[in-house]
Amino acid sequence: SVRLRWQLIREFANQTDYIERRDNLASTQVSNRVRDIGSFTVVTDWSYRPEQALEIGFKFGMGSATNFDTTEASLNDQSIRLVYSIAEQGQARIEFTREEVTLNRPVSSLPFELTNGKAYGKTWLWNASGEYKFTKVIQGSLTYNGRSEGQHDVVHTVRAEVRAFF
């Protein structure tokens, strides 16, 4: 893998990653887990911070993976995020992501590693979270995640937590 980070001016920054991966699992027994996957991924993440407390980010990724049985997966994703920070008190974050996985042919069993765990088709993800320090010893957090994968029903998850330090 190769990572390039740069910042032309204080407000704009970029991180770009290029990753090549080889995942080879052989077995003497018949198994649907056997794989020999070669893949590459390029991800670029742009962030704009007009002031210290606010960040707006855009992330774009694309990649391709091929298994020994000639199954090919093309992957792409895009996301946008907004982060607002309150100095020494907390942070609020909202993020939307679109992921897409296409295959060169229909398959009955898709190796998890071929698509990096992403579902076939289009997936929409959204997330809202916040953390706040009420006092020096009491902190709270609230997280909401939503997910819509392909033809499946939408899944909503909410988690709230309050911590006290003694």
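Tutor: In the chain, 44% of the contacts with a separation of 6 or more link residues 24 or more positions apart. Contact means heavy atoms within 4.5 Å. This is a predicted model, in which local features need pLDDT of at least 70 and side-chain atom pairs count only at pLDDT 80 or more, while totals for chains, interfaces and linings use all residues. Residues are numbered from 1 along each chain as its sequence is written, and side-chain values use heavy atoms, with hydrogens and water left out.

Now the whole chain. It has zero helices and nine strands. Helices (H or I, at least four residues) and strands (E, at least two) are DSSP runs, numbered from the N terminus. The C-alpha trace spans about 60 × 40 × 30 Å along its principal axes. The radius of gyration is 20 Å, whereas a compact globule of 166 residues would have one near 15 Å. That radius is taken over C-alpha atoms, and the globule rule is 2.2 Å times the number of residues to the power 0.38. Of the 166 residues, 24% are buried. Buried means under 20% relative accessible area, exposed over 50%, and partly exposed in between (1.4 Å probe, protein chains only).

Start with β6 (residues 90–103) and β7 (residues 121–133). They pair in the antiparallel sense, over twelve bridges. Two strands pair if DSSP finds at least two bridges between them. Arg98 has its bridge partner in β7, namely Trp124.

Thr123 also belongs to β7. Thr123 counts as buried, because its relative accessibility is 1%. What does Thr123 touch, leaving aside its neighbours within four places in sequence? Its contacts are Thr97, Arg98, Glu99, Arg147, Ser148, Glu149 and Gly150.

Step on to β8 (residues 138–149). Eleven bridges join β7 and β8, again in the antiparallel sense. The two strands form a hairpin, with four residues between them. Within this pairing, Trp126 meets its bridge partner Gly146 in β8.

Asn145 counts as partly exposed, because its relative accessibility is 32%. Setting aside neighbours within four places in sequence, Asn145 is in contact with Trp126, Asn127, Val155, His156 and Thr157. Arg159 lies 14 residues from Asn145 in sequence, and the two are 8.9 Å apart in space, C-alpha to C-alpha.

That brings us to β9. β8 and β9 run antiparallel, joined by ten bridges. Thr143 stands opposite Arg159 in β9. The hairpin of β8 and β9 has five residues between the strands, and Gly150 takes a positive phi near 50 degrees there. Is β9 (residues 155–164) buried or in the open? Zero of its ten residues are buried, so β9 lies largely in the open.

Asn67 lies in the loop between β4 (54–66) and β5 (72–86). Asn67 is buried, because its relative accessible area is 5%. Beyond its neighbours within four places in sequence, Asn67 is in contact with Arg35, Asp36, Ile37, Pro111 and Leu114.
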